[in-house]
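Some notes follow for a colleague who is opening this model for the first time. They take the sheet and then the core.

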Amino acid sequence: MRSLASAAAAFSLAFTAAPDAGAQTLIRDTEIEVMLRDFTDPLLQAAGLRPEEVGMYIVGENTINAFVTRGQNIFVNTGTILEADTPNMLKGVLAHETGHISGAHLARMGDGVRGAYATMALTMGLGILAALAGEGGAAGALMASSGQFGTLAFATYTRTQESAADQAGLQFLEATGQSGEGLVRFFERFRYQEVMSEARRYPYFRSHPLSGDRIGALQRRVEASPYRHVQDSEEDIDRLRRAQAKIYGFLATPEQVFFRYPESDQSLYGRYARTVAYYRTGRLQNARSEIESLLEDEPENPYFHELYGQLLFESGRAGEAIPHHQRTVELAPDAPLFRINLAMAMIATEDRAFLDDARRHLTAALAQEQDNSFAWYQLSLVHERMGETALAQFAIAEQAYALGDNMRAFQFASRAREGLDHGSPAWIRAAEIMAITQPTAAELRRTQREQQRRYLDSAPAGR
Ligand SMILES: [Zn+2]
């Protein structure tokens, strides 16, 4: 199964690591991921695609953009989610992007574009992993090097491709009994973009050129649809408002959050956004009273427990975070990120009594997301504390492999293999990693020289 993104960590890790740096960062959040998947999967199915083969990624960037890359991946900016007045608007954009996938528009582009996409996919891969590695300095450094993916040229679709994607998108909406009105409204709202200079346009409209003709053609087809007047369900509207409150809480400045969601706003969305803003500004007491009031309303909401656990964990209260993360796992046992959060809190307490459970949760999460580098890293800590050196090295090899650091993966896999039980699954997998990451003689020499230089630099100077 293609995992949602290759690495995982709490929502905030990505944000706290690169605040307002202008760099695009992929973020993970179970609540938003589940919503996007529920909105998109029926459209993919209507397009004859297999949802489990289509990756869905959230870009933590508050401009409007959504795009697809080769290999069937959909990327959605948090800005697109924020700007959608209705679920139907967001679904319209998702249907349009699905139209680009099913029309194989990327496959028809020339070699020049293919090159740009290959680079982008690679840097984004790093970005995903680095953002979620949660390893302080190393993650920051990796992220900085991958931050430029947003400046790479996005493919610009031709007018023919755009209208084909529009028509296909409307077809998928119709097939699922939904209105295309949202897509028309989304485009109309940004119609003025087309008269703006290229540079001032939203990235979305640079790659998906908008024109009056195009909106007209969309409008005509929507009007002919029997589903034109179908409204969003209350449930979908509520999910979108929650996602918006959470995204705003994390990505806007606290001033903006308190302006949009003042304390007089006692709605669920207001309290949700403020919980995040309070804890980001270090006002733990306020954050606690907001989240506790939310939990009073919905004691079984895993995302509220998750947020409570996260804010406690990040305030240095790992022990107190555990019961909340435990609850998320009970409420949603299939969500790997919840298990990883729980294991992380358990490990952080340094209480050996938790090690077995932490290992169990990490293993379960990794069974769903094999390339989750952060989970592998946490697992290496568990093994290390249990005195299982070879397994710890093996987990580091997996982590490095997931991060695309082949040299490190090779080195740790070979070290691990010496200590692992001959013929055990880890031993076999270590051999596999070694085979895939086998460096060339030149690469090996270069690494050895670097290590030698580092040793010499760190050695005490002679008298
Ligand atoms: Zn398009």
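1. Angles between elements come up below, so a definition comes first: axes are lines fitted to C-alpha atoms, for helices over the stretch in contact, and the angles run from 0 to 180 degrees between N-to-C directions. The model is predicted. With that convention, helix 4 (residues 87-102) runs at about 20 degrees to strand 3 and lies across strand 3 and strand 4.

2. An open sheet of four strands has mixed pairing and the order 1-2-4-3. Strand 1 (26-27) and strand 3 (66-69) each have a single partner strand and stand at the edges, so one side of each is left without a neighbour in the sheet.

3. Isoleucine 27 is found opposite isoleucine 58 of strand 2. Helix 2 (residues 30-46) packs on the sheet and touches strand 2 and strand 4 (73-77). The direction of helix 2 makes about 130 degrees with that of strand 2.

4. Further into the order, strand 2 and strand 4 run parallel and are joined by five bridges. Methionine 56 has isoleucine 74, in strand 4, as its bridge partner.

5. On its other pairing, strand 4 runs antiparallel to strand 3, with four bridges between them. Isoleucine 74 of strand 4 stands opposite valine 68. The hairpin of strand 3 and strand 4 has three residues between the strands, and glycine 71 in this hairpin takes a positive phi near 80 degrees.

6. Now the core. Which residues touch the most other members of the largest nonpolar core? Leu362 and Ala397 do, in a core of 110 residues. Helix 20 (residues 389-403) gives the largest share of this core, 10 residues. Why does the core lie between domain 1 (11-224) and domain 2 (388-463)? Both domains give residues to the core, so the core lies between them.

7. Leaving out residues up to four places away in sequence, leucine 362 touches Ile340, Ala343, Ala375, Gln378, Leu379 and Val382. As background, nonpolar side chains tend to be buried together in soluble globular proteins.

Key. Residues numbered from 1 in each chain as written. Predicted model: local features only at pLDDT ≥ 70, side-chain atom pairs only at ≥ 80, totals over all residues. Core = buried A, V, L, I, M, F, W, Y, C linked by C-beta atoms within 7 Å. Buried ≥ 20, exposed ≤ 12 C-beta atoms within 10 Å, placed from the backbone. Helix = DSSP H or I, 4+ residues; strand = E, 2+ residues; numbered from the N terminus. Domains from an automatic or database assignment. Contact = placed C-beta atoms within 7 Å. Pairing = 2+ DSSP bridges.
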